[in-house]
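Me: I would like to go through this structure step by step. Could we begin with how the two parts meet?

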Amino acid sequence: MIRTEELLLNVGPQHPSTHGAFRIIVKLDGEVITEAIPVMGYLHRGTEKLAENLNYTQIIPYTDRMDYVSAMTNNYVLCHAVETMMGLEVPERAEFLRLIVMELQRVASHLVWWGTYLLDIGAMSPFLFAFRDRESIIDLFNELSGARLTYNYMRVGGVKWDAPPGWIDKVRDFIPYMEKKLLEYDSLVSGNEIFLARIKGVGVYDAQTAIDYGLSGANLRCTGVDWDLRKTEPYSLYSRFEFDVPTGTNGDCYDRYLIRMEEIRQSLRILKQAVEQFPSEGETMGKVPRALRPPAGETYVRIESPRGEIGCHIVSKGKAEPYRLKFRRPSFVNLQILPKLLVGQTMTNLITILGGIDIVVGEVDC
Amino acid sequence: MGDRLLEPLSWGNALIFFLLAVVMLAVVLGFVTYAIYFERKVIGWMQFRKGPNRVGPLGLLQSVADIGKLLLKEDTIPRKADRVLFILAPALCYIPAFAVLAVIPYTNKLYFTDLNVGVLYYVALSGISTLAIVLGGWASNNKYALLGGMRSAAQMISYEVPLVISIVGTVMLTGSMSLRSIVEGQGGGWFWDWNFLPQIIGFAVFVIAAVSELNRTPFDLPEAESELVAGYHVEYSGFRFAFFMLSEYVYVFAIASLMTVLFLGGWHPPAPFLDFVPGIVWFALKFICIVFFLFWLRATFPRVRVDQLMGFGWRVLLPLAILNIFVTAAYMEIFIKR
């Protein structure tokens, strides 16, 4: 009598395609997944709890280490929250610098995603191309902040360092370079039949499901929902610039791919305008009291990180340390749809779907 | 060589066979060493890297160092593995890979044996390696390895069939299954007389099926590293792992040779007036082009999905290969009077 049984397969936490220490327990019937249970927490460092014993400036380096692929936007959300609570003004030059680094960061983050996603799908070269071009951005950041990954660049009320002489010109030169490279990327990957066959119609969900799960970023926009906080709730200086928010129609991995590629282009468009309007001189640090003691109360601010809506909720009792600090991490929220998407898919699609969600485990586990 | 096979076996004969096999082994090992180096260099250049450049001049000894490392590594066998099969699998994978080289004619004179069923011999033996991969995946007692092994079996069934059928057209044109006769049938003229143009459909099917046979990108599903970590050889280490890698590259050698022989005119020059150049040079040139092509694919393509792979094999390649037989038969019936 032939008997078949389900195969219980442990994917991760040490697995090349889980993008860090993330684990999924899958039950396989042949190669088809019947159940998937994500297990997270391998990278949990208790950032939010640690923050309760640190003053606000000391928390900034911790935010670098949450979403380490997009440290600048994390810096910003914390500073922005404290500034909102205290009603601080940020000098224009500082705000411009913040915006430029955030958009550069979005490009860098999407490049990492692009490279690793293609690596997941089995193509090796795009990974190296993406990291080569990301290196130019990393060099710019290195020059600005002295660090390549965890920048600790922003401060409540401004930025730590002014741009060194000639830095803005380097950003200006980078934009056409990157635009040219994007065309190369498209000719290598975007029209590849194998690639399209792998990602079209994979991991589909509709707009209502996306909203129910609280998805944000490209994961939400791929279903056609036009929701980008830079447009819908403009923060920083985004209302001054022209850019489009790409949306999809099918809600599959291919739409998510196209949206992220288009977002790189739109970021470059914003950068182009920002570099032109960049004030030639000015303060980079606003008038900030020596001790940051936000008034007692609560604030929630949210911005658009490369991965979606990143929010910061501060509960202050009027002390130098927050009473409670909570980050709404887009990777964590976006990941929740994974078990639903995986049922009925093959082992290969598991990697495609997981990669398409674009998680950073440092942010999932925080 | 073929004549000696017919003689009764004596000590002298056996010694000659043994020595020649050792020479061939040395050639193949040399090829594998530098094919790996070449692959890493080529892919490195395509990806704006330098590739290996530290060990020896221009990194030429990199592969030697790698092999040395693999030899010195601890050889682990998982406690719950099936020991006998686990040990047997790498050898079983390698032996057919080496044995198929016996029928490849490198030049008019240089070949081991001119078997009159050379094509069948090649195809039949190369199928055994897949068994070894399934065996290795099964014996490892690892779920990833098992999945890799199973994929390999599915892939073999789907692609061995079009591979064989794509060759049939060539065999029909030549009227022989001996690889040497097939090459001689293509000689004497310009390069458009080689089989790849008259058999263009067969050639295309053969190239795709051959890449799949080699388990190379974009058909490297059995060892798909981003899904199955390393697939069937995930539990292998040290020299047993090296044997799997070795047989993979020996198959590159074999397939490139076979493709040269079947479709690219073997040792024949591309134009009649170039026949003062020794045949082995032409063979080597064509061979290198094919090897480069295989490495080039690896730097370019993503991996196909397992169900798409099956669908493509059965629904596209197999009908094309069969169509090729019909077209060839019709062509021969109409144009070639016997």
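**Contact between the chains**

Reply: Between chain A and chain B, the count of salt bridges is 0. Please keep in mind that this is a predicted model.

Me: How many residues does the contact take from chain A and from chain B?

Reply: Chain A contributes 34 residues to the contact, and chain B contributes 26 residues.

Me: And which residues of chain A lose the most area to chain B?

Reply: They are Glu31(A), Met124(A) and Ile194(A), which together make up 20% of what that side buries. The area buried between the two chains is about 2500 Å², and carbon and sulfur atoms give 59% of this area.

Me: New topic: how many cavities of 30 Å³ or more does a search of the whole structure find?

Reply: The search finds 1 cavity of that size. About 260 Å³ of space lies in the largest cavity.

Me: What lines the largest cavity?

Reply: Its lining has 22 residues, and those nearest its centre are Ile133(B), Glu213(B), Leu214(B), Asn215(B) and Tyr251(B). By class, 11 of the lining residues are nonpolar, 8 are polar and 3 are charged.

Me: Which helices each supply at least two residues of that lining?

Reply: In chain B these are α5 (118–139), α6 (143–174), α8 (200–213) and α10 (238–263).

Me: Where does UniProt place the "transmembrane region" feature in chain B?

Reply: The unreviewed UniProt entry lists several spans of chain B, among them residues 161–179 and 279–297. Residues 161–179 of chain B are 79% helix and 0% strand, with end C-alpha atoms 19 Å apart. Residues 279–297 of chain B are 100% helix and 0% strand, with end C-alpha atoms 28 Å apart.

Notes: Residues are numbered from 1 along each chain as its sequence is written. Chains are lettered from A and ligands numbered from 1 in the order in which they are written. This is a predicted model: local features need pLDDT of at least 70, side-chain atom pairs count only at pLDDT 80 or more; totals for chains, interfaces and linings use all residues. Side-chain values use heavy atoms; hydrogens and water are left out. UniProt positions are given in the numbering used here, feature names are shortened, and annotations may be inferred rather than shown by experiment. Helices (H or I, at least four residues) and strands (E, at least two) are DSSP runs, numbered from the N terminus. On a 1 Å grid over the protein atoms alone, a cavity is a set of points where a 1.4 Å probe fits but cannot get out, and a pocket is an open set with protein on both sides within 12 Å along at least five of seven lines; lining residues have an atom within 4 Å of a point. Grid points are joined across faces, edges and corners, and a volume is the space filled by probe spheres set on the points. Ala, Val, Leu, Ile, Met, Phe, Trp, Tyr, Cys and Pro count as nonpolar, Asp, Glu, Lys and Arg as charged, and the others, Gly among them, as polar. Contact means heavy atoms within 4.5 Å. Buried area is the accessible area (1.4 Å probe) that two parts lose on being put together, summed over both. A salt bridge is a side-chain nitrogen of Lys or Arg within 4 Å of a carboxyl oxygen of Asp or Glu.
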